Amino acid sequence: MQARARGARWRLLALCCCFLAEGWAQDFGQTQFICTSVPKDVDLCAATLQNSVPGEDLKSTVMQLRETVLQQKETIMNQKETIRELTSKLARCESQSAPEAGEPRGGGGGGGGGGRRKEPGSKNTMGDVSRGPTDTLTQLSQTLQSLKQRLENLEQFSRSNSSVQANSLKDLLQSKIDDLEKQVLSRVNSLEEGAKPGLRNDTEQRARVESTLTSLHQRITDLEKGQKENRPLDKFQLTFPLRTNYMYAKVKKSLPEMYAFTVCMWIKSNASPGVGTPFSYAVPGQANELVLIEWGSNPMEILINDKVAKLPFLINDGKWHHICVTWTTRDGVWEAFQDGVMRGSGENLAPYHPIKPQGVLVLGQEQDTLGGGFDATQAFVGDMANFHIWDRKLTVGEIYNLATCSSKAQVGNVFSWLETSIEIYGGASKWTFEACRQLN
């Protein structure tokens, strides 16, 4: 009996090994099946691995599968934790955004349907706009109507009085209109961002405000046209009141090839940081062929063919200054003059590189591409007048004559300051200017 039982056990073990081998064959493709008898007290897996030829490969595969299972288990646990955390956050957000009893959907305050309700005691983020939208726009409309009345008085005054007095009053009014327009646009934009949709009354009021501003500018333009009949073409200044990427003036003709030059102008600005770009000249393939720029907290610089020299100008004090820069291609020698006095000089600025022709000369903006690519942070803010260019280096005496408005002062032989020589865009304006009589 005992021998019979022992034989049955051996047969059962052999049969199990065959079944295991068949299962592994299904997982790993074609395999050679080896059935081996195993003693009763010996571990089945150890004996099988010891007596089989592909045992090492099989052991390595099993270990890889076990490691993969453990990694997947760890990943699943991490994902469960992440899902649990996100679910908790979502529940908190839903509880905070749910409307209180008696409160309409979309919340109170100034936001739309997707906005967050304003908590009691929270800070007013509208800055100086402490009134309601309707009250603010009503006040601005009344102020504009008052300016409109004053402008009508100016028109009557200009017909019956001297042009100098009329210009003085008009300059003051234009300054106030510009300041008010900035305030109107800033406040209306802020109100639009925070206003509820569907406030038709505010939209209509804004349309009336913009219409009034347009009417004011048109009347001032008509006054300017009347003045142009009585003023010389060179007695004007350009004003750039805002730092934008669309306000500029463009010279109608290009520059010739130049192996030397002198650039002079009257300039006035109190912009900070940096007055911006009084002028830039770009040619095909080189946007920085000739540029005068004061950007950020850097000093004013002159760029020729993208080479830079720092200029010792100090002009952002809100006063009129006369500046000149001379340069020659031989050794790249340059000189800088402010108010008729040489303030600095240097050499090796783009030596032996002539200024190229067939470019675009822009006043008030720095060009990143030919005739465009303006950046508002580099725009000029202030006034300029009597911008002249020569294709030679002026003498110290000639520059002094320009700065002191001497009768011997010359005009540029490459470009001279005439209203008919430039085109203005984006809201830049022209005003009567006579050097040395309207200074500071």
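**Entry 1: strand β2 and its neighbours**

I began with strand β2 (residues 248-251), which pairs with β13 in the antiparallel sense over 4 bridges. Two strands count as paired if DSSP finds at least two bridges between them. This is a predicted model, in which local features need pLDDT of at least 70 and side-chain atom pairs count only at pLDDT 80 or more, while totals for chains, interfaces and linings use all residues. Residues are numbered from 1 along each chain as its sequence is written, and side-chain values use heavy atoms, with hydrogens and water left out.

Which residue of β13 stands opposite Lys 250? I found Glu 423 there. I then looked at β11, which is joined to β2 by 2 bridges and runs antiparallel to β2. In β11, Lys 250 has Val 362 as its bridge partner.

**Entry 2**

Val 283 has Gln 286 in β5 as its bridge partner. As a reminder to myself, strands of a sheet pair through backbone hydrogen bonds, either parallel or antiparallel.

**Entry 3: aromatic rings**

I counted rings of Phe, Tyr and Trp (its six-membered ring) as a pair if their centres lie within 6.5 Å; planes under 30 degrees apart are stacked, over 60 edge-to-face, and the rest tilted. By this rule the count comes to 8 aromatic pairs.

One of them is Phe 240 with Phe 380, edge-to-face, at 5.8 Å centre to centre and with 80° between the planes. Phe 240 lies in strand β1 (residues 236-240) and Phe 380 in the loop between β11 and β12 (382-390), so this pair ties together parts that are 140 residues apart in sequence. Phe 240 and Phe 380 are both buried; buried means under 20% relative accessible area, exposed over 50%, and partly exposed in between (1.4 Å probe, protein chains only).

Another is Phe 279 with Phe 387, a tilted pair at 5.3 Å centre to centre, with 55° between the planes. Because Phe 279 is in strand β4 and Phe 387 in strand β12, the pair ties together parts 108 residues apart in sequence. I noted both Phe 279 and Phe 387 as buried.

Tyr 248, Phe 374 and Tyr 425 form one aromatic cluster. I also looked for charges over rings, which needs NZ of Lys or CZ of Arg within 6 Å of the ring centre and within 35 degrees of the ring normal. Lys 430 lies over the face of Phe 236, at 5.8 Å from the ring centre.

**Entry 4: backbone exceptions**

Most residues other than glycine have a negative phi, and most peptide bonds are trans. Pro 273 is in the loop between β3 (260-268) and β4 (276-283).

Asn 348 has a positive phi, near 65°, and is not a glycine. I placed Asn 348 in the loop between β10 (341-346) and β11 (360-363). Asn 348 counts as exposed, at 59% relative accessibility.

Cys 405 also has a positive phi, of about 60°. Cys 405 lies in the loop between α7 (396-403) and β13 (422-425) and is partly exposed, with a relative accessible area of 30%.

**Entry 5: the whole chain**

I noted 7 helices and 14 strands in the chain. Of its 440 residues, 36% are buried. A contact means heavy atoms within 4.5 Å. Among contacts between residues at least 6 apart in sequence, 69% join residues at least 24 apart.

Last, I looked up pLDDT, the predictor's confidence in each residue, from 0 to 100. The chain averages 74, and 54% of the residues score at least 70. Over residues 15-29 the pLDDT is below 50, and this stretch has 12 contacts in the model beyond near neighbours in sequence. Residues 98-131 are also below 50, with 29 contacts beyond near neighbours in sequence.
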